[in-house]
Amino acid sequence: VHMSVVLVHGNPETEAIWGPLRTELGRDDVISLSPPGFGAALPKGFDITSDGYLNWLVTELEQLDGPIDLVGHDWGGGHVVRVAMTRPDLIRSWCTDIIGIFNQDYVWHDDAQSWQGPDGETAVQSMIDLPDADLAGFFAHLGMGQSVAQKVAPWVNNEMGQAILGLYRSAAQPAMGNLGDDLHTASQRPGLSIIATEDTYTGGEKLHRQAAEKCGADIAVLDGLGHWWMCEDPTRSAEMLNSWLEGLD
């Protein structure tokens with residue numbers, strides 16, 4: 001049977017964030033899917049909302065041979081959870097590092113709140129206007145690492161700006177909490193909730209555990225790693241993923 005590990009990234013990112021992890025996974029069946037606007041073109045008329053990205057991912061998965069182990073980071077992990085809730089028939093398993101956002105108690109991080117607010121356009125534009133080298137330095141410092149950050153920075157353009165605004169505004173609370181009310185439906189397939197203990201964007205360990213419990217997901221704690229765990233320690237991250245996937249066989 002042909003297996004595929006399918007990786008989906010988030011914001012403000014491209015598939016480059018998976019590069020170091022892909023090397024360490026040591027598999028030849030790994031596919032990266034780039035959400036429109038995030039390292040891929042934004043088609044004219046694309047529905048730039050959480051629902052629009054869910055539909056995009058469903059369409060992509062329908063074209064792949066199964067069984068599929070679906071792995072999402074950041075907003076990619078949000079899309080993954082929504083596929084697990086609505087189209088479990090398309091996947092064998094799912095994994096996310098952002099399940100904590102599917103709680104009524106989740107408070108969006110500062111950047112997200114600024115994008116969701118009336119000055120979102122200005123905030124996004126100031127990021128787009130930064131020279132690539134400055135942006136790469138900033139991303140590297142946040143935990144992406146220099147080589148990955150240099151690949152991502154040139155993609156922070158007007159299309160990504162539009163994508164950020166539409167996606168985050170569609171997900172302003174109580175939207176995520178309301179989606180999370182249906183989390184139990186994700187239990188139809190084995191799930192893994194990754195908790196990177198130093199990730200300050202996704203709600204923290206308590207909310208992750210609360211949400212994971214609702215859908216019976218396993219938990220993997222990456223102690224000391226931050227939001228870009230796959231860039232910070234690709235070896236440990238690959239061991240964690242490979243061992244979980246082997247356990248499903």
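The model on your screen is predicted, so local features need pLDDT of at least 70 and side-chain atom pairs count only at pLDDT 80 or more, while totals for chains, interfaces and linings use all residues. Residues are numbered from 1 along each chain as its sequence is written, and side-chain values use heavy atoms, with hydrogens and water left out.

Now colour strand 3 (residues 68-72) and strand 4 (residues 93-96), which run parallel and are joined by 4 bridges. Helices (H or I, at least four residues) and strands (E, at least two) are DSSP runs, numbered from the N terminus, and two strands pair if DSSP finds at least two bridges between them. Strands of a sheet pair through backbone hydrogen bonds, either parallel or antiparallel.

Next, select strand 1 (4-8), which runs parallel to strand 3 and is joined to strand 3 by 5 bridges; here Val8 has Gly72 as its bridge partner. Strand 1 is also parallel to strand 2, with 4 bridges between them, and Val6 stands opposite Ile31 of strand 2. How many residues of strand 1 are buried? The count is 5 of the 5, so strand 1 is largely enclosed by the rest of the structure; buried means under 20% relative accessible area, exposed over 50%, and partly exposed in between, with a 1.4 Å probe and protein chains only. Show the side chains, and Ser4, Val6 and Val8 point one way while Val5 and Leu7 point the other. Strand 4 is likewise covered on both faces, with Ser93 and Cys95 buried on one side and Trp94 and Thr96 buried on the other.

Zoom out to the whole sheet, an open one in which 6 parallel strands follow the order 2-1-3-4-5-6. Strand 2 (30-33) and strand 6 (218-222) stand at the edges with a single partner strand each, so one side of each is left without a neighbour in the sheet.

Axes are lines fitted to C-alpha atoms, for helices over the stretch in contact, and angles run from 0 to 180 degrees between N-to-C directions.

Then select Leu61, Leu70 and Trp94, which touch the most other members of the largest nonpolar core, a set of 85 residues. A nonpolar core is a set of buried Ala, Val, Leu, Ile, Met, Phe, Trp, Tyr and Cys residues joined through side-chain atoms within 4.5 Å. Beyond residues up to four places away in sequence, Leu61 touches several residues, including Val6, Leu33 and Leu70, where contact means heavy atoms within 4.5 Å.

Move on to helix 5 (residues 120-129) and helix 8 (residues 158-170), which pack at an angle of about 145° with their axes 10 Å apart. Among the residues that meet here are Val124 and Ile128 in helix 5 and Ile164 and Leu165 in helix 8.

For a last stop, select Gly177 in helix 9 (residues 175-180). Is Gly177 buried or exposed? Gly177 is buried, because its relative accessible area is 1%. Asp105 is 72 residues away along the chain, yet the two C-alpha atoms are separated by 7.3 Å, and Gly177 touches Asn103 and Gln104, leaving out residues up to four places away in sequence.
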